[in-house]
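Here is a short briefing to read with the structure open in your viewer.

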Amino acid sequence: METSTAAPTPAAEAATDTPTEAAADAPAAPAASPPRSLSPSRASDFMRCPLLYRFRVIDRLPEKPSEAATRGTLVHAVLERLFDAPAADRTAPRARDLLPGQWERLRESRPEVAELFADDPDGTRLAGWLAEAERLVERWFTLEDPTRLEPVEREFTVEAELDSGLRLRGIIDRVDVAPTGEVRIVDYKTGKAPRPQYAEEALFQMKFYALVVWRLKRVLPRRLQLVYLGSGDVVTYDPVPADLQRVERKLLALWEAIEQATATGDWRPRPSRLCDWCDHRSRCPEFGGTPPPYPLPVTLPVPARRTAE
């Protein structure tokens, strides 16, 4: 299995979420319904703020596209399409040439992203934004050699049901399989590698994917690899069964809490510094807002809040 030679060093900023998975989590219909599966993004939402999970999964409230997330989607599309070419043609110039076409396809499939540059009549901001996407794509060639890679899967949708009945799903950027059969799961991040204290949070998504592949294919992935295009770092982790069993227990506990909140309608906000970037701040009780009426029937009483004696 070809591996990158870049050393995994910590960087100052955390990476953005996988944009393809975020798109996959978007509901196909506006009607509210109880959650039926769990993805890495939604699991992270619930851990960060249960009320945010409710707004995204139960209420399905719209959110404005961001420049960072949209750029991530564009870069992912270019890196995926590059592997359509023969190995010898997978060059940086060819990847740059893919950017305009992939941007046009993205605008056609998601017209709302055009709003990002509605106040940019001369195209200056758009040009700078595309130039940054180009830099991210070019940096990838310093971290991996696509002429030596033949992924068995790209943008791979995985779904598995645990013995408990919990259904896990997600989209893996790339799956490599060595001639000897070892599996490597690769995820591209257009942000910077996280600080050491946040490294475990970044690996949670990868361990989630590894668990799904393990349960689905009965094969334990040999390596998990995060490629941070924003900082030029490659972080790898080799999981063992005990790692993934711990993740499974954590997900089962999360799902139990989600089911309890769904039944009671009790979705508590959890304030953090991320609130400054939340699209739903105006609806949050922590900031004087009022959530929309709960759209699902309440079947269990809401636990009484304790008051100080």
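How many aromatic pairs does the structure hold? There are eleven of them, and a few are picked out below. Please keep in mind that this is a predicted model.

**Overall layout**
- The chain contains eight helices and five strands.
- Reading from the N terminus, the order of elements is α-α-α-α-α-α-β-β-β-α-β-β-α.
- Of the 309 residues in the chain, 44% are buried.
- Among contacts with a separation of 6 or more, 72% are between residues 24 or more positions apart.
- The chain has an accessible surface of about 15900 Å², and carbon and sulfur atoms account for 51% of that area.

**Aromatic pairs**
- Phe 46 and Trp 267 make an edge-to-face pair, because their ring planes meet at 85°, and angles over 60 degrees count as edge-to-face; the ring centres are 6.2 Å apart.
- This pair joins distant parts of the chain, with Phe 46 in helix α2 (residues 40–48) and Trp 267 in the segment after α8 (241–264), 221 residues apart.
- Both Phe 46 and Trp 267 are buried.
- Phe 208 and Tyr 209 form another edge-to-face pair, with 6.5 Å from centre to centre and 90° between the planes.
- Phe 208 has 0% relative accessibility, so it counts as buried, and Tyr 209, with a relative accessible area of 1%, is buried too.
- One aromatic cluster is made up of Phe 83, Trp 140, Phe 141 and Tyr 188.

**Charges over rings**
- The face of Trp 214 has Arg 215 lying over it, at 4.5 Å from the ring centre.
- Arg 281 lies over the face of Phe 287, and here the distance to the ring centre is 3.9 Å.

**Nonpolar cores**
- As background, nonpolar side chains tend to be buried together in soluble globular proteins.
- In this model, the largest nonpolar core has 47 residues. Leu 38, Leu 168, Ile 172, Ile 185, Leu 251 and Trp 267 have the most contacts inside it.
- Elements giving two or more residues to this core are the helices α2, α3 (50–58), α7 (199–217) and α8, along with the strands β1 (153–161), β2 (167–177), β3 (183–189) and β4 (223–228).
- Helix α7 supplies the largest share of this core, eleven residues.
- Leaving aside residues up to four places away in sequence, Ile 172 touches Arg 154, Glu 155, Phe 156, Val 158, Ile 185, Val 186, Tyr 209 and Val 213.

**A look at helix α4**
- Helix α4 covers residues 67–82, and at 1.5 Å a residue its 16 residues should span 22 Å. The end C-alpha atoms are 23 Å apart, which agrees with that expectation.
- Buried residues in α4 include the run Thr 70, Arg 71, Gly 72, Thr 73, Leu 74, Val 75, His 76, Ala 77, Val 78 and Leu 79, and Leu 82 is buried as well.
- Thr 70 belongs to this helix, α4. Its relative accessibility is 1%, and because buried means under 20%, Thr 70 counts as buried.
- Beyond residues up to four places away in sequence, Thr 70 touches Pro 65, Trp 103, Leu 106, Val 113, Leu 116 and Trp 129.

How values were computed. Residues numbered from 1 in each chain as written. Predicted model: local features only at pLDDT ≥ 70, side-chain atom pairs only at ≥ 80, totals over all residues. Heavy atoms only, no water. Helix = DSSP H or I, 4+ residues; strand = E, 2+ residues; numbered from the N terminus. Expected span 1.5 Å × (residues − 1). Buried < 20%, exposed > 50% of the residue type's maximum accessible area, 1.4 Å probe, protein only. Phe/Tyr/Trp six-rings, centres within 6.5 Å; stacked < 30°, edge-to-face > 60°. Lys NZ or Arg CZ within 6 Å of the ring centre and 35° of its normal. Contact = heavy atoms within 4.5 Å. Areas by Shrake-Rupley, 256 points an atom, 1.4 Å probe, with all protein chains shown as cover. Core = buried A, V, L, I, M, F, W, Y, C linked by side-chain atoms within 4.5 Å.
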